Amino acid sequence: MPANTSFLQDLLTTIAERGRQLIPQSLIGGGRRDDIQALAKALLTSQGEASGVAIAREILTKYRSMSVEGRRAFVRFVAETMQPDRESVLRAATSFIASPDDASLSALQAAVESPRQEFFRRLNLAPGATGEIVALRADLLKQGRADPALRGLDQDLQHLLYSWFNRGFLVLRRIDWQTPAAVLEKIIAYEAVHEIKGWEDLRRRLDPADRRLFAFFHPAMVDEPLIFVEVALTDVVPGSIQAVLGEHRKPAGTRMAPTVAVFYSISNCQEGLRGISFGNFLIKQVVEELVRELPTLKTFVTLSPVPGFARWLDRELAAPEAANALIPPADRSALAALRRSNWADADDEGDSLRGPLLGAAAAYFLRARTSDGHPVDPVARFHLGNGARLDRLNWLGDVSEKGMREAHGLMVNYRYELDEIEANHEAYENAREVAASKSVRSLLRAPEKPRSDVTRRLPSPGR
């Protein structure tokens, strides 16, 4: 695949280089050839394939060289000027209402489609354009989506990217120590859960017989991982990341018969693809690959971070006691000790906090909700939506600086039971039910009350 893709990209590059001379001044109108806005208008009106490729490449080249302010202005130009013609939409809508047949429906669909989508389709003709359009959306997301025009542009881009990055186009590759260095460097850079501290640390996650790393790639971005998952093969369900990353490594070639596959890190790599989920497909395909290679595997679990727990707990403890039934009064005073940075180092204090902290965590997962009824934890939403079960809360599962700061050391195991996944998924999607083990539910320390009494709903950050 990479060789064929490289040949095609080289061919398109040659066409684009030669096509630069074919950009007629008439297409640009009164604008200059170095005016990116004039080039953008010309791209929408160009009829020639070669000149279209050349214009698209010229736009992307100029966009890359612009300042942050210049990029922001160009994005706004596209958002504000490339919109459906309102009068055409009104005529088509009136015609459809008067005669709702296939022809009038097609005319209405054509009228309401945003010219921005056609602009990005044509822009994608340029060599390497797909990755650059993903990067452009990352720039757009940094500007925020409160502005209606920018929000509409983002919706158009997300619609296109969802189609371009359809699961059918993605390629699963195992990453090992023989993978090209350019890709390995990106794995180090993109790791978002447990920092990879250089090449030796990366080798410890790739080389041993009990480790695997898989990533999704797109044919148009052959050296850019979209998302990757790190897997440990063990005989027990681990309760801490220290046990996973610090245990004795099995040398390469060691015969293995592991029974547990632990997904201990899932990292999305492309900010411009935010909102386009690959993780559910990745986990399912990795499970298939692992079972094919190692039939002894019977248990599939995660060892997951809880990135929003500490912030949530701070808000709950700061709220008036009368307005907060998620944390019992006796636990509120005990949890005040969390304000001391070294609380985990004091044995007595740590032991006294264990019950209240795990009880608060159980309430966080089982009772706290966003405004649209989802669990407040984003990692929980992902795994529960995929049909996993909240299986175990792990005390001091991550004692790194980041783990203590974001989650007071808490980590979680989600379990994927193959015969429960569908039922769990349906219960979550239809009724927002959280599939959880008895051991997790037993940690709740306050009796459940009507949701309106116990939950201070938070604004939903989106799924």
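User: I'm looking at β3 and β4 (residues 260–268). How many bridges join them, and which way do they run?

Analyst: Eight bridges join β3 to β4, and the two strands run antiparallel. Keep in mind that this is a predicted model.

User: Which other strand is joined to β3?

Analyst: That's β2 (residues 211–217), joined to β3 by six bridges, again running antiparallel. Look for Arg211: its bridge partner in β3 is Ala232.

User: Why is β3 described as largely enclosed?

Analyst: Buried means under 20% relative accessible area. Eight of the eight residues of β3 (residues 227–234) are buried, so the rest of the structure largely encloses this strand. Both faces are covered: Ile227, Val229, Val231 and Leu233 sit on one side, with Phe228, Glu230, Ala232 and Thr234 on the other.

User: What does Glu191 touch?

Analyst: Glu191 lies in the loop between α11 (181–190) and α12 (199–206). Its contacts include Phe228, Glu230 and Ser265. The side chains of Glu191 and Ser265 are also joined by a polar contact of 3.0 Å. With a relative accessible area of 9%, Glu191 is buried.

User: And helices? Which residues of α15 are buried?

Analyst: Here's the general idea: an α-helix has 3.6 residues a turn, so residues three or four places apart point the same way. In α15 (residues 309–318), the buried ones are Phe309, Ala310, Trp312, Leu313, Glu316 and Leu317. Seen down the axis, they fall within an arc of 160°, so they line one face of α15. The face turned away from that buried side carries the exposed Arg311 and Ala318.

Key
Residues numbered from 1 in each chain as written. Predicted model: local features only at pLDDT ≥ 70, side-chain atom pairs only at ≥ 80, totals over all residues. Heavy atoms only, no water. Buried < 20%, exposed > 50% of the residue type's maximum accessible area, 1.4 Å probe, protein only. Helix = DSSP H or I, 4+ residues; strand = E, 2+ residues; numbered from the N terminus. Arc of directions from axis to C-beta. Polar contact = N/O pair within 3.5 Å; in protein donor to acceptor, adjacent residues only side chain to side chain. Contact = heavy atoms within 4.5 Å. Pairing = 2+ DSSP bridges.
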